[in-house]
Amino acid sequence: MTSRVEEPGSTFDESPGQRSPAKGVRRLDRVVIRFAGDSGDGMQLTGDRFTSETAGFGNDLSTLPNFPAEIRAPAGTLPGVSSFQLHFADHDILTPGDAPDVLVAMNPAALKANLADLPRGAEIIVNTDEFTKRALSKVGWQADPLDDGTLQEYRVHPVALTTLTVEALKETSLARKDAERAKNMFALGLLSWMYHRPTEGTETFLRSKFAKKPDIAEANVLAFRAGWNYGETTESFAVSYEVAPAAKAFTPGRYRNISGNLALAYGLIAASKQSGLSLFLGSYPITPASDILHELSKHKNFGVRTFQAEDEIAGIGAALGAAFGGALGVTTTSGPGIALKSETIGLAVSLELPLVVVDIQRGGPSTGLPTKTEQADLLQAMFGRNGEAPVPIVAPASPGECFTMALEAARIALTYRTPVFLLSDGYLANGSEPWRVPELSELPDLRVEFATEPNAPDGSGDFWPYLRDPETLARPWAVPGTPGLEHRVGGIEKQDGTGNISYDPANHDHMVRTRQAKIDGIAVPDLTVDDPSGDADLLVLGWGSTFGPIAAGVRRARAAGGKVAQAHLRHLNPFPANLGEVLGRYERVLVPEMNLGQLAMLLRARYLVDARSFTQVSGMPFKAAQLAAVISEALDD
Amino acid sequence: MTDLLKLTAKDFKSDQEVRWCPGCGDYAILAAVQGFLPELGIARENIVFVSGIGCSSRFPYYLNTYGMHSIHGRAPAIATGLASSRPDLSVWVITGDGDALSIGGNHLIHALRRNVNLKILLFNNRIYGLTKGQYSPTSEPGKITKSTPMGSLDEPFRPLSLALGAEAGFVARTIDSDRKHLTSVLRAAAEHQGTALVEIYQNCNIFNDGAFEVLKDPETRDSALLRLEHGQPYTVNGEEHVHDVTDPDPTRAFALSRLSEPTPIGVLRAVERPSYDRQLNAQLEQAVTERGEGDLGALLSGSDTWMVR
Ligand code: SF4
């Protein structure tokens, strides 16, 4: 039971109003809502608020923001449409939903851009005020789809959102244009009524967001209440819906809603605390990674230093310099930034210093699709450097897991004195889910010991910067300021042990193999397989953000009687030690990826298995139904 | 702890064999730096030399301090991270004309405008040495080199003009062979709080021998050089000025930076403003004063949580 859940309706005692018993209430087990509008319509904010209320109410949920790369594409055009999809349920769910049950379309462009995704019978709430001749022709509609039969398969609720909002705000001093802007809050109020969402959180949020402009704050609250009351009084909404809290979906604990980028930023701060090292972020703004820079820059009271560099190269350079000085050095970027950072990552490999390199993958190549998701940087992370330059790779499977994997990346970096890749992507970065807030006592101990004494085995009293720990093969980390350990490191090959420049062929061969052995020897947890029947022939193996859709697809296939095993890789370099054995257990291996088969290629090369790829590079995550179909096809083979 | 008073040049020599060409100007600079470091009164372990790639960038290997020989052009960026997170250290950047002005130009100008507490020694020999003799961004137009058999077409940078244009607070020029002058300029740079750029004319006797001969030859140097001293008068084009390194207006310093006959040496500008690292660390302290030390538990919970029992 969630303690915040009161009797539905009781939260409305004060405002916006009392729920009328005359209207019907229907119970649903899950709903997918998509808010769509112009980039300037505030759809992301609307979606975020609905999500917060839904999270607080205790539903399980998953979100998919989808917005154009342009900050304000021309108003009313198809490229300017921004949307936010939210799936919430009374049970545990894995994806933001394949298709919306409800579409809120703020203008013709939003309707047109999203219509193809709607299943028959879906509800559409449209802002009729925007359906002018001009607006319709902007998106190529000669006739008004609201009355030419285009929408006859759907349940349409025409609402004059703009007019109603302006009407509700006529007592305020706001100019008409400003009043119109609050129409997203009217829509949010209406949807909050429809789905019995608590409302006080949004009112509190609006008052604090616009604390400096109280009249705007009040206008938004008024519009929000007006939307709620409209649902309550108008004839066109006869029923409202309840989706009970997902009591059984969650293990006990304290929960909050969290996006991948926020979880990642928090994970880095936690890693700093747990290691006792100050955090240094060197970064250059890039979509969809910038929010991590923004978030970390807010937390200087945790000793976090953020440095917005002149370019991607300087961002990682500064982080590496800070690592040389004993900080937890981190750089955050997306694929194009990694391309620029490659040389410095190679230097970090050679210097054997800890460094966390975060890649929030987006559609490529080149600038590609800045705001869309993809996981096509795996091979870049794996191999994208000159020379033999192995780098460990970890990848979170859900937004909340970005927290855990940030700690894991730091653990590997600090223990093995190596740069580490963390591969997230646009879908995880901006998507959100309920997250159990960990107790501090659950966090790993990441304390490191700096070298303090000379270590030369010859008893000379010298310091050998490359004398390795026999277990981990890590070299000592001696930071400037430590007397007696003055030493020089560099990107030129050096003699193992002393660290002196060495061009000796045998030494280079030894060093290349040693650096590789160090990474290959990193201790990572074994891969766990979910195989409830215990006799599946088919293994579906994924990595990164595809976890949700794959698990949802597997669930459907199992419900239809299919015997399917599922496993998900969080460590991609090195692979878990038992991976070869796991792969060998199954007759068939299916690898769904949002690239052209990069993991499958690694598996085939490494384990000689006939891994079969299923790939999609549309900038959008897989859908559960799509994967269910692919899985049942593979089962039938 | 090392007894700071007793440190000598010898204490700053590493055990590594120096591998520049015999006769290279880098030897003289190394000797001058090793001779100068003891007078800083800073323990060896608190000094870091960071370099890029090029002949001059081997410098850190020969100094018994902490050091990093990094990658081409990136030393100012790397040193920025180090100096910003470790304001207790004395951080020096060793770079050359190709390293600093070509591949690393962006990092150089941004380090200067940001005013990180770095001392940047730019060895200018007006040629690429390590890659065996291509023209550099400071080579004179028309220069015949391996990559420009018909003469180079590029207009060269004037490093000090570039630095002043990039809002540098401290710019100076000196010459490898004039140990006394070199040491005095190093001293002034070390005293400056913030980024200091020192251009050192350095002879590459293999690929560009004699590039600065007219400034060194006892016969010609007195008329070829303009020795700048703060507070002392100097005459250019018949006009007399009193040299003021603290002048907030960079106009005079800029005019000097463009002058080649005679060639000014010494400190052109030494105007202090708060350094990046100090301000960054002050923000950290201010954040703690205003909000208290970060509380991880409170951060993770945020303001919007619910309990599942
Ligand atoms: S090539 Fe020129 S700059 Fe390089 S070491 Fe030889 S003389 Fe010195």
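**A strand and its surroundings**

Author: Let's start with strand β10 (residues 279-283) of chain A, which is joined to β12(A) by 5 bridges, the two running parallel. Two strands count as paired if DSSP finds at least two bridges between them. Helices (H or I, at least four residues) and strands (E, at least two) are DSSP runs, numbered from the N terminus.

A word on the ground rules. This is a predicted model, where local features need pLDDT of at least 70 and side-chain atom pairs count only at pLDDT 80 or more, while totals for chains, interfaces and linings use all residues. Residues are numbered from 1 along each chain as its sequence is written, chains are lettered from A and ligands numbered from 1 in the order in which they are written, and side-chain values use heavy atoms, with hydrogens and water left out.

Back to β12(A), residues 328-333: 6 of its 6 residues are buried, so the rest of the structure largely encloses it. Buried means under 20% relative accessible area, exposed over 50%, and partly exposed in between (1.4 Å probe, protein chains only). In a regular strand, side chains alternate between the two faces of the sheet. Here L328(A), V330(A) and T332(A) point one way, with G329(A), T331(A) and T333(A) pointing the other.

Now the neighbours. Opposite V330(A) in β12(A) you'll find L281(A). Strand β13 (residues 355-361) of chain A also runs parallel to β12(A), with 4 bridges between them, and T332(A) has V358(A) in β13(A) as its bridge partner. To get from β12(A) to β13(A), the chain goes through α12(A), making a right-handed β-α-β crossover. Right-handed means that, with the strands pointing away from you, the path from the first strand over the helix to the second runs clockwise.

That α12 (335-351) leads us on, since α12, α14 (401-416) and β21 (571-573) of chain A are among what covers the buried residues of α16(A); contact here means heavy atoms within 4.5 Å. Those buried residues are N507(A), M511(A), V512(A), T514(A), R515(A), K518(A) and I519(A). Looking down the axis of α16(A), they fall within an arc of 165°, so they line one face of the helix. That arc is taken from the directions from the helix axis to the C-beta atoms. On the face turned away from the buried side, α16(A) carries exposed P505(A), A506(A) and R513(A).
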